[in-house]
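Here is a short tour of a two-chain model for anyone who likes to read a fold from its parts. Have the structure open and follow along by topic.

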Amino acid sequence: MDDTIAAISTALGVGAISIIRVSGKDAIKIVNKIFKGKNLNEVDSHTINYGHIVDNNEIIDEVLVSVMRSPKTFTCEDVVEINTHGGIAITNKVLELLLLNGSRLALPGEFTKRAFLNGRIDLIEAEGVMDLINSKTEKSRKLAINQVNGEVSKLIKNLRQDIIEILANIEVNIDYPEYEDIEEVTNQKILNSVSDIEIKIKNILSKSIDGKIIKEGIKTIIIGSPNVGKSSILNRLINEEKAIVTDIAGTTRDIVEGNITIDGIILNIIDTAGIRKTDNYVESLGVKKSLELIDEADLILYVLNNNEELSKEEKYILNKIKNKNHIIIINKTDLDNRLDLNIFNDYVKLSIKNDTGIDELKNKIKDMFNLEKIEKEDFTYLSSARSISLLKKSLDSLESVKEGINKNMPVDMVEIDLKQVWNTLGEIIGETYSDELIDQLFSQFCLGK
Amino acid sequence: MYEVIVVGGGHAGCEASLATARIGHKTLLITGNIKNIADMPCNPSIGGSAKGIVVREIDALGGEMGRNADKSLLQIKMLNSAKGPAVRALRAQADKITYPKEMLKTLENTDNLEIKEALVEDLIIEDSKVKGVTLENGEKIFSNIVILTTGTYLKADILVGDTRRREGPHGEKPSNHLSDKLKEYGFNIIRLKTGTPQRIEKSSIDFSKTKLELGDDRYWTFSFDNEVHYKIEEQVPCHLIYTQPETHKIIQENLNKSSMYGGLSDIKGVGPRYCPSIEDKIVRFKDKERHQLFLEPESLYYDDIYIQGFSTSMPKDIQEKMVHSLPGLENAIINKYAYAIEYDAIDAKQLKQSLETKIIENLFTAGQINGTSGYEEAACQGLIAGINASLKLEGKEPLILKRNEAYIGVLIDDLVTKGIIDPYRLLTSRAEYRLLLRHDNADMRLRKYGYDVGLISEEKYKKFLNKKASVIMLTDYLNTHKITPTKEINEYLKTLNISELKDSITLYNLLKRSEVKIDDLDRFIDGKYESDVKEQVEINIKYEGYIKKEIEEANKMVDLDNKKIPDDIDYDKIHNLASEAKQKLKQIRPTSIGQALRISGVNPTDISLIMVYIKKEYFYESK
């Protein structure tokens, strides 16, 4: 906790005032570097100071800066809060400047974590962020169980039971190798069970994702090179559907631009203005961030310019999104066609200028999420992002199991990944590693000296 | 006046007294009977899955068991040789006469070590510090440190059918008062039980009705010294048989006569799950038509055959019927009947990770008294207790092996953190990172510790460092040398059933292919490397991905283990701790956050509270 962290601490809506919070031992020094006004190093604690945020000599925004010195602050560290005039571009610009001047982007919940670790907030307040304390405590039993509905928890328990029986059998083969009358688990046997387990996990996963969509909306990002018309498409969608300024708190990294409802389904559009390149440092930061966003998004709207050939960077992004839910939007069809459309399987042609293609885009989104089907389902599935990512992680480990089998690895190596699947599924329902495996071993097999 | 007194001459006691004496501390080993030093009262074997790796670890640290087993082998094989390197382990039949004889010889030839025959009935304690022991005859012997390795001899009861006799495995007098004294001093005493099968006169068995089980046809040694004392062709075989329907019928009909099923009404001891008696197996696994039994030779010097898998506490007449129902044993003569033994042990949660007791300073305990079962489990604790006793005498920090460093670390951490209900046996499944804890790399993991405490000689350490350097050199060589797909090379690879090359490839990446063995690459490598060096390199490269994964996982644990909990923490002052967690934390007093997390009943929420409390109370920086 020696470094200084910064993040946009308000959920951003168009035109709202935004607060950027900076915490850590260099918080005041860092903000002072980009602040034109009083010398913040010398102002009293708990004061609000008027001035401007500047980039070299260029004024970025007119701001109010609150300076709060340790320990009477939320995190018990020096804290500075910058009130900007909102607007995503400006707020992001200020954040970028802070990052360039020595702070680091805060992880989700990191302010709360610091507050907790510094003894600023008590348990009851902190319980909500317990899962962020560290990887081990993330397994917080109660929290996990509360997130999981009884039915799905039963499904996962059954899955784990299937797995632990295989594990126990492998363990017995290892620990009691001289017992010939115990069935030997081979890679082939594991492979058979793995396909079965995979189908079951995928089933839970797809229903869970649907459930999350109903509850929270489709996390949608619009990406594309500068000037391809991202904002116009966004504005067009928002105007059409009367954007609601969001009050759903995203994590500090996600800046939710607004919600759009299409036939009752919410799209949470996430701004990617921060991806814009200004110089090398920010470029690397921007690429990293956009890749992160791609990973997290339920839907990617990738906008290309009909009037330009595909750039190297665009090709790279196309490759990145190919296995994700995505829609390719060919914008500016009112201009001459210079983009080779033959390389795409599917796309939506659109022209903001001529007002064509928007309906087609909306239909495509509806088809993609099969919304009629979802509404009829009974939603008893995992709906937290944490559980879903753990499910995905367990699928990854299953992939590794298969890979190991293909490479002809010994059964006890393959088992490492299978055990990981079992542990990860356990994390979802809040069951941490214990002596379960050994208990299983002794109840399932007859051994002795 | 001695620096160290070791009470008990079993496997733990031998290792403990050898360690302290070799490090240079004047040591007295007290045993009830010199004839029973390093005795093997149960099965005639050393090693086995996980246990075999422990023997290697003992050897890497400078203990005696590996070398001593090598001197007394009747048969040896590598278990799980068809599986991955992580789970391979040696198992040997060891001669029950030679093993103790060789160990006694070593003890007698060790400087700083005296042996005395006597029964210890009390400890001398002043201000919660141990000062020595009191013998049965009232004689007092003083020392700075006492290590208790009393095995099953605390209030031992031998149970056969409806009889209970207060005696040890060979009919010797057990220690009747020591466990009461320990109770008075504040130790929780638990009652455990284990059993052993019959010994049969070899000449009365018809081996034609059995299946032959031979040793491996290559040489193995437990010790990294690699001194071979046996001939492959002279190994003694074991034999396999199965229980018969008749056997099961006899047991079912006489179940109420077994000590454990009604024969005795006052059984308190909890038996081991991994080693149930034959009546347990038949009751618990009704559907199983037959059970495997191994006939194992005990020694070249007498004719007893041990029936592995047939332990029971039935009365003698029923045992006769049971044994005679087995194929080849129709006319068998029973030299020694099976029995169960009940004994006192202390609750290992009252120990520190160093094996020093929390209640009495300078008192260490090791082996079966701590609730474990097995010669290897006992020996490794004895070694660690001996090492830590020495370090304590020298005012140094104890040697605490982590769970990712050694099975010994797993065992001790399990004991002191989780405590036990039934006798504890080491299993590979107890280790989270077993790919790191291999048979082949025990020296890589532990030899330095052995050297640092003074149990590994300069000469041996140099040899080890050379091996380590060769491993690095060879790895580097493979990484920096490529071969190109010439016709000649592809033809050579074809003779080895290795698919042909299309592009040039480093030897390192070639070795990653499942069909390629490191010996296949000999012709591409400059210089000659020892087979143990090649083995290390091959395993490291072939399983690199898996090893990396385990190291990553292990590092997470190490991080948590490095977050220390201050010795004087007062759990009553931490608000909101769950009461179950508080009670366990107060009892176990974990030394690190990692250890605290492994205590059942302590939840992550409790851990967070402890972390905040520590931060506030102990590291509240100058604000």
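Helices (H or I, at least four residues) and strands (E, at least two) are DSSP runs, numbered from the N terminus. Chain A has 15 helices and 13 strands, while chain B holds 19 helices and 22 strands. This is a predicted model, in which local features need pLDDT of at least 70, side-chain atom pairs count only at pLDDT 80 or more, and totals for chains, interfaces and linings use all residues. Residues are numbered from 1 along each chain as its sequence is written, chains are lettered from A and ligands numbered from 1 in the order in which they are written, and side-chain values use heavy atoms, with hydrogens and water left out.

**Chain B as a whole**

- With a radius of gyration of 26 Å, close to the 25 Å that the globule rule gives for 623 residues, chain B is as compact as a globular protein of that length. The radius is taken over C-alpha atoms, and the rule is 2.2 Å times the number of residues to the power 0.38.
- The C-alpha trace of chain B spans about 80 × 80 × 50 Å along its principal axes.
- Buried residues make up 61% of the 623 in chain B; buried means under 20% relative accessible area, exposed over 50%, and partly exposed in between (1.4 Å probe, protein chains only).
- Taking the contacts in chain B with a separation of 6 or more, 73% are between residues 24 or more positions apart. A contact here means heavy atoms within 4.5 Å.
- About 24,900 Å² of chain B is accessible surface, and carbon and sulfur atoms account for 48% of that. These areas come from the Shrake-Rupley method with a 1.4 Å probe; for residues, only the protein chains shown count as cover.
- Chain B carries 90 positive and 95 negative charges, and their mean positions are 3 Å apart. Lys and Arg count as positive and Asp and Glu as negative, leaving out His and the chain ends; each charge is placed at NZ of Lys, CZ of Arg, CG of Asp or CD of Glu.

**Chain A as a whole**

- Of the 449 residues in chain A, 52% are buried.
- Among contacts in chain A between residues at least 6 apart in sequence, 66% link residues at least 24 apart.
- The accessible surface of chain A is about 20,400 Å², with 48% belonging to carbon and sulfur atoms.

**Nonpolar cores**

- In soluble globular proteins, nonpolar side chains tend to be buried together.
- The largest nonpolar core has 102 residues, and Ile46(B) and Val133(B) have the most contacts inside it. Such a core is a set of buried Ala, Val, Leu, Ile, Met, Phe, Trp, Tyr and Cys residues joined through side-chain atoms within 4.5 Å.
- Helix H9 (residues 375-393) of chain B gives the most to this core, contributing 10 residues.
- Apart from it lies another core, of 45 residues, which includes Leu159(A), Ile166(A), Leu398(A) and Ala554(B).
- Leaving aside residues up to four places away in sequence, the neighbours that Val133(B) touches include Ile5(B), Val7(B), Ile30(B), Val120(B) and Val146(B). Asp122(B), Glu139(B) and Lys140(B) are also among them.

**Individual residues in chain B**

- Glu459(B) sits in helix H12 (residues 458-480) and is exposed, at 67% relative accessibility. The C-alpha atoms of Glu459(B) and Lys288(B), 171 residues apart along the chain, are 54 Å from each other.
- Glu227(B) is in the loop between strand E14 (211-213) and strand E15 (238-242), and is partly exposed at 48%. Its C-alpha atom is 8.1 Å from that of Arg67(B), 160 residues away along the chain. Not counting residues up to four places away in sequence, Glu227(B) touches Asp70(B) and Thr221(B).
- Leu214(B) belongs to the loop between E14 and E15 and is exposed, with a relative accessible area of 53%. Beyond residues up to four places away in sequence, Leu214(B) touches Gln75(B), Lys77(B) and Pro237(B).

**Backbone details**

- The peptide bond from Ser70(A) to Pro71(A) is cis, with omega near 5 degrees; Pro71(A) lies in the loop between strand E5 (58-68) and strand E6 (79-84) of chain A.
- His46(A) is not a glycine, yet has a positive phi of about 55 degrees. Its place is the loop between strand E3 (35-37) and strand E4 (47-55) of chain A, where His46(A) is partly exposed at 45% relative accessibility.
- Ala38(B), also a residue other than glycine, has a positive phi near 55 degrees. Ala38(B) is in the loop between strand E2 (27-31) and strand E3 (45-47) of chain B and is buried, with a relative accessible area of 0%.
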